Amino acid sequence: MAIPVVGFDIGNSTSFIAIARSGGIETIDNEYSDRCTPTFISFGEKNRAMGASAKEQAISNMKSTLFNFPRMVGKKFSDPALQKELVHCPFTVIQTENDGVGIEVSYLNEKMVITPEQAYAVQLTKLKEITMRHLTGQVYDVVINVPSYFADSERRAVLDSARISGLNCVRLVNDTTAVGIAYGIYNKDLPATGQPARNVAFVLMGQSNLQVAICAFNNGKMKVLSAASDPFLGGRDFDKVIFDYMCKEFASKYKIDVKKSPKACVRLYRECEKLKKLMSANSTKLSLNIECFMEDKDVSGFMQRSDFEALIGDEISRAQNVMEKCLVESKLDLKDLSFVELVGGSTRVPIIKQIVNKVFGQEGRTTLNADEAVARGCAFQAAMCSPTFKVKEFVVSDVCLYPITLFWESDGTKSQEVVDEGEIKCDGNSVELFPYLYSVPASRQVPLQRKGDFDVQAQYTDVGKMNIKNPIIGNFRITGVQLAAGVDSVTVRIKVRVNGHGIFAITNAQLGEKVEKEVESPKPMDVDQGKTEGDEKAQKEAPETLVEPKKVTKIVTKWRDLHVQSETTHYPEDYLTICIEKENEMVQKDKLERNRSNAKNALEEYIYEMRDKLCDSLVDYVLEADREKFKQELTAHEDWLYDEGEDVACQPYVDKLNFLKSFGDVFMNRLFEAEMRPAAMSRFEAVLLAVKNFIDAYSSKPDDFAHITPEEVSQVSTNYSEKKDWFQQQMALQNSRAKTDDPVISFRDIESQANNLHAITAPIINKPKPVVKPPPETKENGEKEDNNNTSKKDPNCTNEQPTDKQSGDVEKSPEEVECMDLD
């Protein structure tokens, strides 16, 4: 993976971006300084809006503002899961070719149909642009999250969306797995390998789904023990309960039918979401108020937490069932569970916390960031995939939530009775490859007896437990099977894999051919039984004879690769190319419109700014005639801007702005020079004063400057006189000019002359005096001490002091002790 290392968390209502830096993982903000970017896109008359700006158009441009599209990717129009989503969509969703899903929008004043995958790609484009603002260079490699209940077709659809947006998704990570990675990386006190694991339950409840997983952690290792989910239970279901309650209350109180007005529904849903958040922090009765809601009526309603919890009783029971199922399938007792971590905005609802406590026997913890944990886990996964980052080893083992079975047509051959180690024995025309909760990523091998080319189909075993009702994963045709003469069937070995994305694939198929091969026969074992000591001695003394190894013919299996043709739910390459080109075209149009809008805003801003300054800060620097002329130009351009220039290309705005600046910049330069000139003059005068002080000091006490030559002093004096005369002349000219005249000299020229004078004179003025070498000291005996060699020691001195006085040692005199090296 190339730099940078990025993780995207794309939720149904909000998205987060985390990046890996040298200091760790950082969640970055968007252009509004908000780390949370709404998962909204809007198609307009001139361009697209994405994120927060698109969400603002959810009412004004309701039919072309899209949300909830992450839940539509990879689904068929007839799928019950998609039909449930249509209730939450005020825009038009239609059925396209091959039971596909299309969304009608109005873009550039034309009707256009896009797929949920294309809408998902637009959101990815927005996140990529935000990331590129924070990082240098292009963003290409990313890790993207998906719900743990996503099936194969939905995961493939996310990969297609990434390609449409120009991204390379190096890994799809389940939400629960991403949270587990974030937990495991940050916790330094995990049990060592070989010790009992720390079991942690993660409860993720977001805007539209509930996911629960129980994971076992050791140092550098994470294993998912069980996982359960409810794809149709989240915060928006709580909002709908409040919404339905308020609709009934408004119908009886104000005689209005809210559901007849889509815009009123959107406004009420937003207020219900706010009320839900307020009730999470307050148990008192709270009000909901909307002005001019429908038919020019102001509406209000009331609700308190106890009423809300009574209304969502069914939803709470569903949440409890999911948690209990996950606990049972983990085969753990409550005492074996160390902690429960809460993630997701909807886990802040008090009744959800109570259910967690009831099911798991302990209160849920919030040590992880409830909103950003998934994005941070994705960024950690990206860092682990990247060779540019050194991350501690952390092995992740996930589970397969939906069992996968392989089917094939029978051609009358019998199944292979004996299989090699690691292969699956097949009976009949199907075999379950990956059972429920099987550890993934994983590969398996299936040996089949075949007479020729054949087709296989991968399906989910139990569709009733799935999020979607389409059991087919893909069809695969294996070609190149040829029978030798006299052979009824051959062994074909199929290698299947569920990869790191959670996607099923047939990675390889091989044909086993029986061939003869000459091999050396094994040397017979030397048996010592029955030999006497004399026989052994005679055998050792006998001369050695060379015996040629005997070769025998053996039947061995030679494996030859076969061609595998896959037919999956991935977009065909030609259609994918069309989608990529269309997305790039829309990106360029967005860029052009953004530049046009910025140029128009710049012109409008300059007109109003200069009009104010002409009567304020520029009043002393512009002649009356020039002021009136410039005002007329500003008014004329303003009239053009709101008439003919309301909707033109970018260049006319740029040209007109440059024309106005040809006047305004002259006036602004006068003001700018007047403000900056005093500081430059003070700087120049300070340099002149320093040089003058030196000249005066040299004149009074020339002996103190004996180290400076007369030529150098003359150079200082000459430059001082020249710069002083120039400065006085320029200042006299400038002072004679009015404020409405252009300056004679700029402040930058003054600063340049001051710097030039300082550069010439400072080395001379600050020239250090030469160091005078002190005379050598004379000892009492008349010898001169060598001051240049302080390390030379007296030959009578020693570096060692005896600790104990030994016999025969001579006691040192005070002079000798003083001379010792005490270092």
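Reader: Which residue lies over the face of Phe-232?

Author: Happy to start there. This is a predicted model, in which local features need pLDDT of at least 70, side-chain atom pairs count only at pLDDT 80 or more, and totals for chains, interfaces and linings use all residues. Residues are numbered from 1 along each chain as its sequence is written, and side-chain values use heavy atoms, with hydrogens and water left out. A charge sits over a ring if NZ of Lys or CZ of Arg is within 6 Å of the ring centre and within 35 degrees of the ring normal. At 4.2 Å from the ring centre of Phe-232, the residue over the face is Lys-84.

Reader: How do the rings of Tyr-183 and Phe-202 pair?

Author: Rings of Phe, Tyr and Trp (its six-membered ring) pair if their centres lie within 6.5 Å; planes under 30 degrees apart count as stacked, over 60 as edge-to-face and the rest as tilted. Here the centres are 5.7 Å apart and the planes make 75°, so the pair is edge-to-face.

Reader: How many residues apart in sequence are the parts that this pair ties together?

Author: Helices (H or I, at least four residues) and strands (E, at least two) are DSSP runs, numbered from the N terminus. Tyr-183 lies in helix 5 (residues 175–186) and Phe-202 in strand 13 (residues 198–205), so the parts tied together are apart in sequence by 19 residues.

Reader: Is Phe-202 buried or exposed?

Author: Buried means under 20% relative accessible area, exposed over 50%, and partly exposed in between (1.4 Å probe, protein chains only). Tyr-183 is buried at 1%. With a relative accessible area of 0%, Phe-202 is buried.

Reader: In which sense do strand 13 and strand 18 pair?

Author: Two strands pair if DSSP finds at least two bridges between them. Both strands belong to an open sheet of 6 strands, in the order 18-13-14-15-19-22. Over 6 bridges, the sense of the pairing is parallel.

Reader: Over which ring does the charged end of Arg-450 sit?

Author: Here we return to charges over rings. The charged end of Arg-450 is 4.6 Å from the ring centre, and the ring belongs to Phe-454.
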